[in-house]
Amino acid sequence: MSDSPLHTLDPLERFSRRAAAYARHRPDYPPSAIEAVLKGVGNGGEIVVADVGAGTGISSRMLAERGARVRAVEPNAAMCSLIPPDPRIEPVAGGAESLPFDEGSIDLVTAFQSFHWFDPERFLAEAHRVLRPRGRIALVWNERDDERDPFTADYRRIVREASGNHPAESRMEQTAPLYASSLFTNARRSVFPHRQILDRDALLGRLLSISYLPHEGEAWERLAAAMLELHARRADSDGRVALVYETRVYLAERALRDFDVEPTGR
């Protein structure tokens, strides 16, 4: 399993039993990162976003709050059912490798905390197909900053041990296919600081949202005990701890083909 591409490890159903915990306990993204994703997209009109691997709609909601019209693409029915009702968000059942949109109909394709579960070449080809000329792709991850924060380092150590060093723990941020692709140009990275404040129950809920960790039985009991011991050592006077992240944003523009016609307006 350690050498298997992540998109071969049951990405469709692995979150079915984690959907509620995912919706409640996964971190959001810093406003500065969302602004970077959206800045300069579109021609002054309404931005149409395909948020692929939208999960329970954490990123979709943040994009919609900034005025985008979001098509939240999620193949897992349990996750898709928890996307919050919003007139600017349209939940769409679909997969990253076969996007249910017309050619050139999307301004921005995003993948928040999800690109590592896709077949990268097939997804990038689909993103290129559905994007308008000069449209943009954005790949975003919250990466735990365990090099500078002691609590986050201890949290990650416990998670890695409990997961049997699952490959997703070390291979989430996979950007080489984007940089190597001839379908996109001007690939670049920006990094934004972020924190998730958790009390005791939310810390356990955060564990339950991770697809490759145990969630019941003796293995779960050992994991929970280790994390609660860490919480007891590191919590502040209000019983809270902070997971520290670097939110890493990778942007690139759709490469033009010889027969593309650039839009002159909306």
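At what angle do H6 and H8 pack, and how far apart are their axes? The answer comes in the second view below, after a quick look at the whole chain.

**View 1. The whole protein, as a predicted model.** This is a predicted model, in which local features need pLDDT of at least 70 and side-chain atom pairs count only at pLDDT 80 or more, while totals for chains, interfaces and linings use all residues. Residues are numbered from 1 along each chain as its sequence is written, and side-chain values use heavy atoms, with hydrogens and water left out. The protein has nine helices and seven strands (DSSP runs numbered from the N terminus, H or I of at least four residues for helices and E of at least two for strands). Take the contacts (heavy atoms within 4.5 Å) with a separation of 6 or more: 77% of them come from residues 24 or more positions apart.

**View 2. Helix H6 against helix H8.** Two packed helices are described by the angle between their axes and the distance between the axes. For H6 and H8, that angle is about 45° and the axes are 12 Å apart (axes are lines fitted to C-alpha atoms, for helices over the stretch in contact, and angles run from 0 to 180 degrees between N-to-C directions). The pair is therefore oblique (under 35 degrees is roughly parallel, over 145 roughly antiparallel, 65 to 115 roughly perpendicular, and the rest oblique). Look for Phe-151, Tyr-155 and Val-159 on H6, and Leu-203, Arg-206 and Leu-207 on H8, which make the contact. Sorted by class, the residues of this H6–H8 contact are five nonpolar, no polar and one charged (Ala, Val, Leu, Ile, Met, Phe, Trp, Tyr, Cys and Pro are nonpolar, Asp, Glu, Lys and Arg charged, and the others, Gly among them, polar).

**View 3. Helix H8 against helix H9.** Here H8 (residues 200–208) packs on H9 (residues 217–234) at about 140°, with axes 10 Å apart. H8 and H9 are therefore oblique as well, and H8 passes H9 in a right-handed crossing. From H8 come Arg-200, Leu-203, Leu-204, Leu-207 and Leu-208, and they meet Trp-220, Leu-223, Ala-224, Met-227, Leu-228 and His-231 of H9. That makes nine nonpolar, one polar and one charged residues in the contact of H8 with H9.

**View 4. What surrounds helix H8.** The buried residues of H8 are Ala-202, Leu-203, Leu-204, Gly-205, Arg-206 and Leu-207. They pack against H1, S5, H6, S6, H9 and S7. At the start of H8, a side-chain oxygen of Asp-199 reaches to within 3.3 Å of the backbone nitrogen of Asp-201.

**View 5. Helix H6 against helix H9.** H6 and H9 pack at about 170°, and their axes are 10 Å apart. This pair is therefore roughly antiparallel. On the H6 side are Pro-150, Phe-151, Asp-154, Tyr-155, Ile-158, Val-159 and Ala-162, meeting Leu-223, Ala-226, Met-227, Leu-230, Arg-233 and Arg-234 of H9. The contact of H6 with H9 divides into 10 nonpolar, no polar and three charged residues.

View 6. Asp-149 sits in the loop between S5 and H6, and counts as buried at 18% relative accessibility. Its side chain is joined to that of Thr-152 by a polar contact of 2.6 Å (a pair of N or O atoms within 3.5 Å; within protein, one must be able to donate a hydrogen and the other to accept it, and residues adjacent in sequence count only if both atoms are side-chain atoms). Leaving out residues up to four places away in sequence, Asp-149 touches Ala-242 and Val-244. The C-alpha atoms of Asp-149 and Leu-243 are 8.3 Å apart, although 94 residues separate them along the chain.

**View 7. Glu-246 in strand S7.** Glu-246 belongs to S7 and is buried, at 17% relative accessible area. Its side chain makes a polar contact of 2.8 Å with the side chain of Arg-248.

**View 8. Helix H3.** Six of the eight residues of H3 (residues 58–65) are buried. Its cover includes H1, H2, S1, S2, S3 and S4. After H3 comes Gly-67, with a positive phi near 100°.

Key. A crossing is left-handed if the near helix is turned anticlockwise from the far one by less than a right angle, and right-handed if clockwise. Buried means under 20% relative accessible area, exposed over 50%, partly exposed in between (1.4 Å probe, protein chains only).
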